[in-house]
Amino acid sequence: MMRMPWFRWHAPKSVAEAATILADEGPQAMLIAGGTDLVPNMKRRHQEPAALVALRGLGELKRIANGAGLTLGAGLTLAEVVESRSVRENYRALYHAAAQVATPQLRNMGTLGGNVCLDTRCTYYNQSYEWRKAIDFCMKKDGETCWVATASKRCVAVSSTDTAPALIALGAKVRLVSAEGTRELDLADLYANDGMEYLTRRPDEILTEIALPAASGWKSAYWKLRRRGSFDFPVLGVAAAVRAAPDGTVEDARIVLGAVASRPILTKAGELLAGKRLTDEVIEEVAAKVASRAKPMDNTDLEIYWRKEVVPAFVGYALREARGDDMRATRMRIARQAL
Amino acid sequence: MNAPEKPLKTRFDTVGKPRRRVDGRAKTIGQQRFADDLALPRMLHAKLARSPHAHAAIESVDVSRAQAHRGVHLVLTGADFPIPYGIMPVSQDEYPLARERVRFVGDPVAAVIAVDEQTAAEALDLIEVKYRPLPTIASPEEGLAKPEPRIHDYGEQGNIHRNQAYEFGDVEEALARSDHVFEDLFFYEGNTHLPLEQQASLASIEGDGKLLLQTSTQNPHYLHRQLGRVLQMPTAHIRVMAIANGGGFGGKCDPGNHEFVVSKAALVLGRPVKICLTREEVFYQHRGRHPVLMKFRTGVTKDGRLTAMHLQTLLDGGAYGSHGPASTFYTGVLTPVSYELPRFKFEACRVFTNKPACGPKRGHGTPQPRFGQEVQLDKIAHALGLDPAEMRLKMLTKPDSLTASWLRIGSTGLGECIEKAVEMSGWKARRGKLGPGRGLGLACSAYMCGAGVSIYWNKLPHSAVQLLLDRSGQVTVYCGATEIGQGSDDVLAGLTAEALGIDPVSVRVVTGDTGITPIDLGSYSSRVTIMMGNAALQAAARVRDLLANAAAEALDTLPDRIAFSQERVFAVEDAAKSMSFVEAVAAAEAKFGTIASVGSYAPPKPPGKFKGAGVGPSPAYSFTACVLETEVDPATGWVTVPKIWIAHDIGRALNPVLARGQVIGSVYMGLGEALMEEQAFRRLPPKLSSALVHRNPSMLDYKSLTHMDMPEVEVALIEDPDPNCPYGAKEAGQGPLLPVMPALANAIHDAVGVRIDEVPITPDKVLAALAKKAKGEVPRVGPERFPAVPYPEPTFVLPPWEGGDGNELKGRKAA
């Protein structure tokens, strides 16, 4: 089998202790929670941290708090997020997203924080060391060139998190803790459109929780495009959240696209939809406009032009579901599960 | 030896009854030990250093740093292996470790044997190989256009490995006389086996000094021969044990580089040496489905009967010969088996490319032309306004007939299969009436039950069985056949038990061990049930005669009046005259001494006598019909398959649970090929890089169906016992895969009126075809051209009905 490189292992008893260790170890240390992203990456020598700081087993990262909104500990497994009644009932987009990450086994191990911080992906990067040697490596790791776009000055690896588009559509904020202190920011601001430096998180910071605002009046949905009904990362994610007046007039809306850039794309759907009703015509018009923001590259599964062509259809699915349509039959065909 | 045993009885205790397979318990509870589960004291671990170049000359290999690495015991290179190997005698073109040339990314060049896997992996990076990169060839079209540099210095010419042509009757003349001639191009992308078990091998030296290799192989006998050749040892000093395979599907038929490496290392070091390939390495070992470009020119009468067919194929062989010579034949030879085809011309060419070698995968060479043939038939039916099922039913090959190409068809249940699939699916009432975006497609297939000729030329049995009984009533059956998950151990136990009137769990099965078991050629070509089964029935009949003789004496009756059933031996006329099976064995042992017997089987001689007539003949052919329902989203091209109905002519289902499992497993694999599986490669921009790499060598990125993607499958087993087969049982492991891909293509046409003439059928292709349809263009996605291939002059043979005698007609066509 593929083997891990050597590393030091820390198992702190608290977030504070983890933050101290992280500060002491410096940027050569990495955090590990479920390990479902990091361990295979280490086997392929994408990351070769000198030390790992384990967050697994820290009870303070596993809290779920209902208040004005919902606060989720970053250490909750994706399976725990899926099983949360508040998430299922009030934050449908997050439920749809978390339930479609990878496989049941990986959702039992992988955490919400891990999925939010998921390394960007690329078919030239997510390969073994030996494979990458055969292409003389790439810009993201050990090489110079971006083989997806050889003229590109930056890495175009793809943001492949399912939960982040959903959380951004739901207005999430995140808390980052370091030995220096604590800061909060909009989740959308955690990301940068750069396949290598895709997070604005500093290496000494720990993502501890994700806070969602009150869901009253909002309806949301997440639609994922991938080849199969399980296992695959998204090649397109569409999260839609809509707040409408009793007569159906949209008061506020967010549509976030995933897996079509190095970060989730928060679109201008709010401006486009405000004051309108979600008629079929409006959905079609907005879907076409929103879709123009999707700039897929040839570095994921499925054909690049086709992936761009189907964006409006997926935006339409998400908006129709947020409008209240029964989308179960379509969902069965696309996702192979009713959700 | 050729004549199979007469059916021993007509009423069965075991045969036909659904029951738990004999190895089911161990596999279900995790007790089954696979090769990677094996460990021995003082065992060392091997890793292979592989080429990062798709094509390069090796200028030097320096292993000194690796050799000096702490924990490393041995480093092997090509210099340690002067003798080449290859599964087929005509393609001995591989070395365990490359000597002068590497031919694809992943070609092994050196091996490190170390105290553990981690240490061996670390030392790989210390091996310094100087390469001189050479131009690469990525496709057969490119290989035809660039004869130089040659990937191998043997073959037909340039980079053509195999090139052949056969013509059975004057095809151009028949096409000219036809009411219609349909010409279609198809492409079938390559794909790989993806067994759950990665290849693993453990070599050790036994107490008597002989080499023991325990390994995941489908063909211990062929591997055994190749080990003797490469290691320059008498094969009697080598023992190969095929450890229960966690899936093979053809991927473990070829001897693997790693098997020679650990064997050599164990001989050098005197310590056990183990290797387990990573998943990525399994993609490089490959030997999977050849990518094949096909051109069909088919003549039909106005009522839809075939008049003649001219089939041309072009195979992407990858970097080595592997089973390629056979694969090349199989892209055509089974084409005439399902429908009456008065004349047939078949040209095939296999080209070397700088990619992992292609070889046999479930259906070996046949799924590709079957896809083209069955999609073209659907087009013909539509063009002529015929029901595709009715059209097929009117031109089925007849039982006990010869094809134009001199294959003898014995039993055939294809008509019944079509009728059953039509009935189960509601074809007549539902086809074309399912509403927008929904459709039904039908396709059929035929496959062989065992290759009629061995891979190396000989006149010896293809399978042999030894039975040993003792006074405790223990029945042990020995056979070289290899359990790869298909259930061959259960078939062996079931047949032996049926013949002796005992329970299958009373039979101890010992298989796949060249040190103990009589030779069986291996688990390939759907040959095991028929060949091993016939050998087992012969062996069982021989011990039964001994038991009947002794029992008759004790029961005061005649031996031919003795019956065996339910663990008892009794007189047919008077069941009160009986003894237990154990008592009968003891009586026979007292009378004759130790009770043992052997049985063996070789297939009938093929009727064709021309050179090349050895590929295609089989003791029997299985037939399958499949109807598939699909839903296509016109906005995205997204394809959903809610249900598949499949009827398979199995002759007789020995264990219906197992048979159904094989059929459903075939559907699963076929649907994966139809929808998504691709062993695809990529080049980088040529100005910047000469790389030619596998696109997706991992289980995540190489897409095959998950449990979530598998539709409901309704299976019907059509049972018309074949006299050449044990109790009439034909194959079920490969044939049912073949109709699934064309059934999907045909269903998509029924749903949205577009033709996807290539596999896999992905949503982008469907959407592209729908866009063409909307613009009024030909609503089709598929290959646009077939290159000029320098096929040789065909071997011309007259069909049986044109006065042929099965020999080549020299001097070309009759007037």
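Helix axes here are lines fitted to C-alpha atoms over the stretch in contact, and angles run from 0 to 180 degrees between N-to-C directions. Helices (H or I, at least four residues) and strands (E, at least two) are DSSP runs, numbered from the N terminus. The model is predicted: local features need pLDDT of at least 70, side-chain atom pairs count only at pLDDT 80 or more, and totals for chains, interfaces and linings use all residues. Residues are numbered from 1 along each chain as its sequence is written, while chains are lettered from A and ligands numbered from 1 in the order in which they are written.

Two packed helices are described by the angle between their axes and the distance between the axes. In chain B, helix α14 (residues 488-500) packs against helix α15 (residues 528-555) at an angle of about 30 degrees, and their axes are 9 Å apart. α14(B) and α15(B) are therefore roughly parallel to each other. Angles under 35 degrees count as roughly parallel, over 145 as roughly antiparallel, 65 to 115 as roughly perpendicular, and the rest as oblique. The crossing of α14(B) with α15(B) is right-handed. A crossing is right-handed if the near helix is turned clockwise from the far one by less than a right angle, and left-handed if anticlockwise.

Residues are in contact if their C-beta atoms, placed from the backbone, lie within 7 Å. From α14(B), the contact residues are Ser488(B), Val491(B), Leu492(B), Leu495(B), Thr496(B), Ala499(B) and Leu500(B). They meet Val528(B), Thr529(B), Met532(B), Gly533(B), Ala536(B), Leu537(B), Ala540(B), Ala541(B) and Arg544(B) of α15(B). By class, this contact of α14(B) with α15(B) has eleven nonpolar, four polar and one charged residues. Ala, Val, Leu, Ile, Met, Phe, Trp, Tyr, Cys and Pro count as nonpolar, Asp, Glu, Lys and Arg as charged, and the others, Gly among them, as polar.

A second pair in chain B joins helix α17 (residues 656-675) and helix α18 (residues 740-752). Their angle is about 50 degrees, with the axes 8 Å apart. α17(B) and α18(B) are therefore oblique to each other. Their crossing is right-handed. α17(B) contributes Val667(B), Gly670(B), Leu671(B), Glu673(B) and Ala674(B), and α18(B) contributes Val740(B), Met741(B) and Leu744(B). The contact of α17(B) with α18(B) divides into six nonpolar, one polar and one charged residues.

Helix α11 (residues 280-291) and helix α13 (residues 311-323) of chain A cross at roughly 130 degrees, and their axes come within 8 Å. That makes α11(A) oblique to α13(A). The crossing of α11(A) and α13(A) is right-handed. Ile283(A), Glu284(A), Ala287(A), Ala288(A), Val290(A) and Ala291(A) of α11(A) make the contact with Val311(A), Pro312(A), Val315(A), Gly316(A), Leu319(A) and Arg320(A) of α13(A). Nine nonpolar, one polar and two charged residues form the contact of α11(A) with α13(A).

Chain B is divided into domain 1 (24-32 + 460-601), domain 2 (41-134 + 198-244 + 252-285) and domain 3 (168-174 + 288-453 + 609-781). These bounds come from an automatic or database domain assignment. In chain B, 15 residues of domain 1 are in contact with twelve residues of domain 2. The side of domain 1 of chain B that touches domain 2 of chain B has four nonpolar, eight polar and three charged residues. Taken over C-alpha atoms, the centres of these two domains of chain B are separated by 39 Å.

The two chains also meet. 35 residues of chain B are in contact with 30 residues of chain A. On the side of chain B that touches chain A, α3 (117-124) and α19 (763-774) of chain B each supply at least two residues. That side of chain B has 18 nonpolar, seven polar and ten charged residues.

His161(B) is found in strand β7 (residues 160-168) of chain B. His161(B) is buried, with 30 other C-beta atoms within 10 Å. A residue is buried if 20 or more other C-beta atoms lie within 10 Å of its own, exposed if 12 or fewer, and partly exposed in between, with C-beta atoms placed from the backbone. A cis peptide bond, with omega about -5 degrees, joins Glu148(B) and Pro149(B). Pro149(B) is in the loop between α4 (140-145) and β7 of chain B.

Methods. Two residues are in contact if their C-beta atoms, placed from the backbone, lie within 7 Å.
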